[in-house]
Amino acid sequence: MDKNLLQYKGSKKLIVIIAFITLGQSAAIIGQAVYLARAIVSMYEGAASSAVLSSFAYFLVLYTIRHLLQWWKSRLAYRFADDTARHMEQLLINRLFQLGPRAVGKHGSGNLVTLAIEGIPSFRTYLELFIPRMIAMLAIPIPIFLYVFWMDKLSGIILALVIPIMIAFLILLGLAAKKQINSQMGTYILLSRHFVDSLRGLVTLKFLGRSKRHRDSIETVSDKFRIATIKTMRIAFLSGFSLDFFSTLSVAVVAVELGLRLIEGNILFEPALTILILAPEYFFPIKDFGNDYHATMDGKEAGKQIHCLLDEENVLEELTFPIGRWNGKSTLVVQGLEKKSEDGESILNPIDIEVNGFQKIGIVGLSGAGKSTLIDILSGFSRPTAGTLIVNGLKMPHFSITDWLNQVAYIPQHPYIFSGTVADNIRLYEPEASMDQVKAVAEKTGLLQLIESFPNGFEERIGQGGRSLSGGEEQRIALARGLLQNRPILIFDEPTAHLDIETEHDIKRMMLPLMENKLVFFATHRLHWMKNMDQIIVIEKGRIVERGTHSQLYDKKGAYYRLVQAHQGGGRYDIV
């Protein structure tokens with residue numbers, strides 16, 4: 001059983017209710033067996049039709065009650081599974097937003113896509129089937145055994161001796177199936193990652209003339225998944241056959257034993273027939289659980305992966321700090337900020353930053369200096385190893401808190417354009433925004449003329465399967481998203497690094513007015529932006545080595561001056 005099962009909202013209450021319903025089912029099963037055997041024996045002995053019909057009537061009533069209870073139980077389990085799966089899906093989506101693009105890349109976008117699209121439905125199926133089947137495996141055989149043992153001790157002993165064999169065999173098959181299913185899940189994740197990467201790189205492969213060669217790679221990965229799936233199905237079929245065989249053999253043993261004793265006159269016809277009718281019902285819940293075990297294993301594994309993702313760095317803790325909305329009088333103080341990698345290597349050494357009100361802070365340095373790590377911490381995507389963070393006089397443990405994140409708009413280097421309309425892409429973070437608001441931000445970001453040239457205007461489909469956009473147009477979409485949020489803190493992570501100089505010049509001319517009356521953190525290699533920053537932070541090997549304005553740092557002829565000279569020597573346009 002999943003260790004998290006009892007932690008889900010309403011799970012304990014559901015287990016208690018289903019346990020009582022299942023006990024009611026077991027009573028109905030015993031009752032219908034008694035009246036069915038009585039009706040058959042009455043017919044065999046030539047009893048009056050009224051006696052036979054009354055027994056059949058009781059049998060039909062109990063049969064109906066049994067299946068109504070089953071329907072009720074299934075309905076309750078489905079509602080619980082659906083509500084829990086929806087809740088976990090929302091937690092997963094929120095977690096992915098908290099992780100940020102770099103952490104998503106670490107886990108693998110294909111893996112996360114598979115977990116969100118395939119894992120959640122499998123997890124729902126697991127919750128829906130596992131709880132009723134597990135309870136039925138306990139709450140039905142035990143009352144039947146007690147009733148049979150009360151009627152006939154020898155038959156009860158036979159049932160008690162056979163059941164451990166079935167359970168032991170079920171455990172052995174479960175262990176074999178678990179190993180095989182884990183292998184299948186690994187190949188499935190590999191296939192999904194390969195599929196997502198292939199879609200992303202299809203244009204590049206075609207451009208390089210290697211799209212046909214890529215077929216062999218796709219075929220190899222697909223064949224691995226096919227082989228793993230067939231092996232898993234083989235175990236599942238063997239399990240189903242074995243459980244059917246043992247349950248049928250057990251019923252046959254009970255039938256032979258009852259038949260011999262009936263011939264010898266050691267047992268009456270009616271109790272013997274009642275026990276024979278109950279014998280398959282005794283084994284059925286165990287067989288049913290075994291058959292559904294394979295259907296729930298994928299869901300159980302998906303649930304574990306979701307919890308591992310949610311529990312990473314204790315992200316599930318909800319912290320609320322009333323820091324207030326950032327304004328011209330707000331303050332941010334960062335003291336002794338450190339970040340270490342998982343193996344203990346220092347990425348950021350003690351860093352101190354102080355910001356007052358609306359400022360534009362440029363963050364520069366060589367590749368690997370720690371710019372992106374600092375941006376990730378400020379964006380709430382990562383948590384510092386050590387340090388003191390104070391916003392408006394209130395000390396916080398990290399930036400991954402609602403009050404801060406609700407004020408931050410993050411613009412990455414490669415914004416994601418999903419398959420949908422232009423309007424829906426702009427509304428990504430503000431789905432309730434009106435069309436007038438969407439048009440207003442489109443105009444401010446220089447998109448309006450382009451969108452109006454589309455045949456369907458704002459309803460034109462872009463992204464996968466739709467109209468393709470250039471890098472500059474995609475960046476404008478990202479800026480329109482951030483502007484639509486109307487948040488006072490803007491964080492840019494290399495927003496123009498992939499653009500050509502001409503496109504970047506147009507983007508810059510449009511972006512600078514949007515940065516007014518905002519707190520801006522701007523990490524980039526393109527140093528021409530620094531002339532427009534109020535403060536520049538130069539990072540080398542995880543440390544802040546210089547800070548000041550463009551002119552101050554250039555005249556100082558230190559680390560910033562060397563960066564400027566290196567960029568000008570590389571042919572970038574004039575910074576000075």
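The face of helix H11 turned away from its buried side carries the exposed residues Asp436, Glu443 and Lys444; exposed stands for over 50% relative accessible area, buried for under 20%, and partly exposed for values in between (1.4 Å probe, protein chains only). This is a predicted model, in which local features need pLDDT of at least 70 and side-chain atom pairs count only at pLDDT 80 or more, while totals for chains, interfaces and linings use all residues. Residues are numbered from 1 along each chain as its sequence is written, and side-chain values use heavy atoms, with hydrogens and water left out.

**Helix H11**
- Val438, Val441 and Ala442 are buried in helix H11, which spans residues 435-444; helices (H or I, at least four residues) and strands (E, at least two) are DSSP runs numbered from the N terminus.
- Viewed down the axis of H11, its buried residues fall within an arc of 105°, so they line one face of the helix; the arc is that of the directions from the helix axis to the C-beta atoms.
- An α-helix has 3.6 residues a turn, so residues three or four places apart point the same way.
- The buried residues of H11 pack against helix H10 (422-426), helix H12 (448-452) and helix H13 (471-485), where contact means heavy atoms within 4.5 Å.

- Gly156 lies in helix H5 (residues 153-208) and is buried, at a relative accessible area of 0%.
- Not counting residues up to four places away in sequence, Gly156 touches Phe145, Val148 and Phe149.
- The C-alpha atoms of Gly156 and Ala279 are 9.9 Å apart in space, with the two residues 123 apart in sequence.
- Gly336 belongs to strand S1 (residues 331-340) and is partly exposed, at a relative accessible area of 26%.
- Beyond its neighbours within four places in sequence, Gly336 is in contact with Pro350, Ile351, Asp352, Ala386 and Gly387.
- From Gly336 to Asn349, 13 residues apart along the chain, the C-alpha separation is 7.8 Å.

**Helix H6**
- Phe245 is found in helix H6 (residues 214-264) and is partly exposed, with a relative accessible area of 43%.

**Whole chain**
- The protein chain has 16 helices and twelve strands.
- Of its 576 residues, 48% count as buried.
- Among contacts between residues at least 6 apart in sequence, 76% join residues at least 24 apart.
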